[in-house]
Amino acid sequence: MALLDVRNLEVKYGKAVAIECVSLRVEPHELVGVLGSNGAGKSTLLRAISGVLSSAGTVHLAGRRLDGMPPHRIVAAGICHCPEGRHLFRELSAEKNLRLGAYLRTNRDEIEGDLARVFALFPALRARRLQRAGTLSGGEQQMVAIGRALMGKPKLLMLDEPSAGLAPQLKSTVFRAIDDIRREGTSVLLVEQDASSALRIVDRIYLLEHGRIVREGVSREFFDDQAIRRSYLGV
């Protein structure tokens with residue numbers, strides 16, 4: 001059984017169709033990427049899965065149907081969404097932002113253990129844990145955003161453009177962390193504009209164009225396809 005099973009998802013903005021008949025799956029311990037140009041519907045797809053947008057179609061997590069649930073219940077079921085743009089509480093410290101990710105949890109020992117896990121994943125945050133989030137660098141803010149989602153202890157972590165606006169070195173740090181998250185057992189659904197970096201860590205890819213899935217395959221197939229390389233990798 002797939003961990004995430006999305007079937008025939010459709011999202012409309014008024015009469016305009018943003019997502020049409022999209023079906024995808026994420027297996028346990030799998031890192032799956034969604035690639036596509038700007039405006040293809042990638043962010044809309046994640047927002048629909050997380051319940052932020054109304055949609056038609058079905059969404060199952062580990063066999064449990066989630067579509068139609070409010071976002072907080074979807075988080076409680078095991079899907080945590082790290083949106084594009086970070087959306088941190090800028091006046092709160094980095095640590096307080098991280099702890100807010102665990103707001104539905106009650107086991108203090110587990111929360112402290114997961115906080116330590118985030119600091120091990122992003123060592124730079126430990127030294128800045130008491131610093132206001134709004135004063136952190138862009139890369140550090142992205143680390144806080146990913147860490148906050150991890151503090152929800154997700155079965156599936158959804159990441160929307162985690163490398164956007166980052167310098168190459170910080171971008172590499174973020175992608176290594178995403179790979180580590182998967183290796184530690186959390187499934188990941190990754191939306192990413194940097195196709196070249198994404199293809200180096202994902203297991204499978206869905207290519208989204210104009211709100212529809214036009215191709216699916218393993219990352220090696222995309223690397224070897226000349227049309228894909230020209231259109232998405234710039235080579």
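Reader: Which residues of helix 7 are called buried?

Author: In this predicted model, the buried residues of helix 7 are Val-174, Phe-175, Ala-177, Ile-178, Asp-179, Ile-181 and Arg-182, where buried means under 20% relative accessible area, exposed over 50%, and partly exposed in between, with a 1.4 Å probe and protein chains only. Helices (H or I, at least four residues) and strands (E, at least two) are DSSP runs, numbered from the N terminus. Local features need pLDDT of at least 70, side-chain atom pairs count only at pLDDT 80 or more, and totals for chains, interfaces and linings use all residues. Residues are numbered from 1 along each chain as its sequence is written, and side-chain values use heavy atoms, with hydrogens and water left out.

Reader: What do the buried residues of helix 7 pack against?

Author: Among the elements that they pack against are strand 3 (31-35), helix 4 (108-121) and helix 8 (195-199), contact being heavy atoms within 4.5 Å.

Reader: Why is Glu-140 called buried?

Author: Glu-140 has a relative accessible area of 11%, and because buried means under 20%, Glu-140 is called buried. The place of Glu-140 is in helix 6, and Glu-140 touches Leu-125 and Arg-128, not counting residues up to four places away in sequence.

Reader: What makes the pair of Glu-140 and Arg-128 a polar contact?

Author: Their side chains come to 2.8 Å, and a polar contact is a pair of N or O atoms within 3.5 Å, where within protein one must be able to donate a hydrogen and the other to accept it, and residues adjacent in sequence count only if both atoms are side-chain atoms; the pair therefore counts as a polar contact.
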